[in-house]
Amino acid sequence: MFSIDNRQSAIGNPEVRIFDGLEPLSWSAAARLEEQARVKALEKKPFSVALSGGSTPKMLYELLGSPTFAGRVRWPNVHLFQVDERCVPPDDPQSNYRMIRQALLETAPLPAENFHRMAAERPDREQAAREYAEELARVLHPAPAEWPRLDLVFLGMGPDGHTASLFPGSQALNERTAWVTPNFVARLNSFRLTLTLPVLNAAAHVIFLVAGVDKADTLRQVLEGPEGRFPAQLIQPTCGRLSWFLDESAAHLLKKE
Ligand code: 6PG
């Protein structure tokens, strides 16, 4: 039996849902995508989703790629983007694309042209970033001088409070004009390609998926502590919803309601 603890947190009042495990968390995230995809399909509008890498969303992607959701989501109407990517070839074990392909793309009836891969392996990272911004513009058609508006973004959070590839103290945190940017991550001594804060905050709905006891202390500080200390705290949709889907081990230090 899955229990859910729904609450509103201090910062800007995001939705916070606590699940007693990654499985109910992933099912609920999949159901949320299904719900929003249905609304867009009824409006005869494309539905755009940006996917993060890392380990936490893998179960969600496997669910979405499963027969259960094959028929429940109108996949030809869905466009999948990447939130960020490691600067490695697409078949590298570190590649977010590789994880998403194996977990979702190889089974979900999504038209191949509806998955928009970040070509982060390219030596000219600035050019790769510009081209990905053009891809966002081509599919999302933002008005002139507007940010592209994704319908749904799934984000994760690291124990250091990073999200997407926006790491504490990294340059991309200050990016306010580019939609996509390369980012050198000193701690990992490697580059990433990432959507920038303004693009993430222009989304209609951002859902953080956070699981694991190693995130608990940072999560408490992010949701209940002083603002502006962690990159994850800078995710404040300007005209959209913010949700935190947590498992109990990640949420165990949060104030009890
Ligand atoms: C990445 C991600 C990153 C991830 C966090 C959490 O490319 O690694 O996009 O931001 O969401 O590092 O990762 P886990 O889910 O593996 O804890």
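Is Cys-239 buried or exposed? With a relative accessibility of 56%, Cys-239 counts as exposed, where exposed means over 50% relative accessible area, buried under 20% and partly exposed in between (1.4 Å probe, protein chains only).

## Basis of the model

This is a predicted model, in which local features need pLDDT of at least 70 and side-chain atom pairs count only at pLDDT 80 or more, while totals for chains, interfaces and linings use all residues. Residues are numbered from 1 along each chain as its sequence is written, and side-chain values use heavy atoms, with hydrogens and water left out.

## Cysteines

Cys-87 has a relative accessible area of 23% and is therefore partly exposed. The structure holds zero disulfides, a disulfide being a pair of cysteine sulfur atoms within 2.5 Å.

## Helix 5

Helix 5 covers residues 125-140; helices (H or I, at least four residues) and strands (E, at least two) are DSSP runs, numbered from the N terminus. The expected span is 1.5 Å times one less than the number of residues. At the start of the helix, a side-chain oxygen of Asp-124 comes to within 3.3 Å of the backbone nitrogen of Glu-126.

The buried residues of helix 5 are Ala-128, Ala-129, Tyr-132, Ala-133, Leu-136, Val-139 and Leu-140. Viewed down the helix axis, these residues fall within an arc of 140°, so they line one face of the helix; the arc is that of the directions from the helix axis to the C-beta atoms. Their cover includes strand 3 (47-51), strand 4 (78-82), strand 6 (115-116), strand 8 (180-185) and strand 9 (190-195).

## Nonpolar cores

A nonpolar core is a set of buried Ala, Val, Leu, Ile, Met, Phe, Trp, Tyr and Cys residues joined through side-chain atoms within 4.5 Å. The largest core has 45 residues, of which Leu-150, Val-180, Leu-195, Trp-244 and Leu-246 touch the most other members. Helix 5 contributes the largest share of this core, seven residues. Apart from it lies another core of 32 residues, among them Val-49, Leu-80, Ile-100 and Ala-103.

Contact means heavy atoms within 4.5 Å. Not counting residues up to four places away in sequence, Leu-246 touches residues including Val-16, Ile-18, Phe-19, Val-210, Leu-219 and Leu-254.

Ser-48 belongs to strand 3 and is buried, at a relative accessible area of 2%. Its contacts, leaving aside neighbours within four places in sequence, are His-79, Phe-81, Leu-140, Arg-149, Leu-150, Asp-151 and Leu-152.

Tyr-97 lies in helix 4 (residues 96-105) and is likewise buried, with a relative accessible area of 17%. Leaving aside neighbours within four places in sequence, Tyr-97 is in contact with Gln-82, Glu-85, Pro-90, Leu-105, Phe-115 and Arg-117. The C-alpha atom of Tyr-97 is separated by 11 Å from that of Val-83, 14 residues apart along the chain.

## Positive phi outside glycine

His-141 is found in the loop between helix 5 and strand 7 (152-155). Its phi is near 45°, a positive value in a residue other than glycine, and His-141 is exposed at 61% relative accessibility.

Ala-164 occupies the loop between strand 7 and strand 8. Although not a glycine, Ala-164 has a positive phi of about 50°. With a relative accessible area of 8%, Ala-164 is buried.

Notes:
A polar contact is a pair of N or O atoms within 3.5 Å; within protein, one must be able to donate a hydrogen and the other to accept it, and residues adjacent in sequence count only if both atoms are side-chain atoms.
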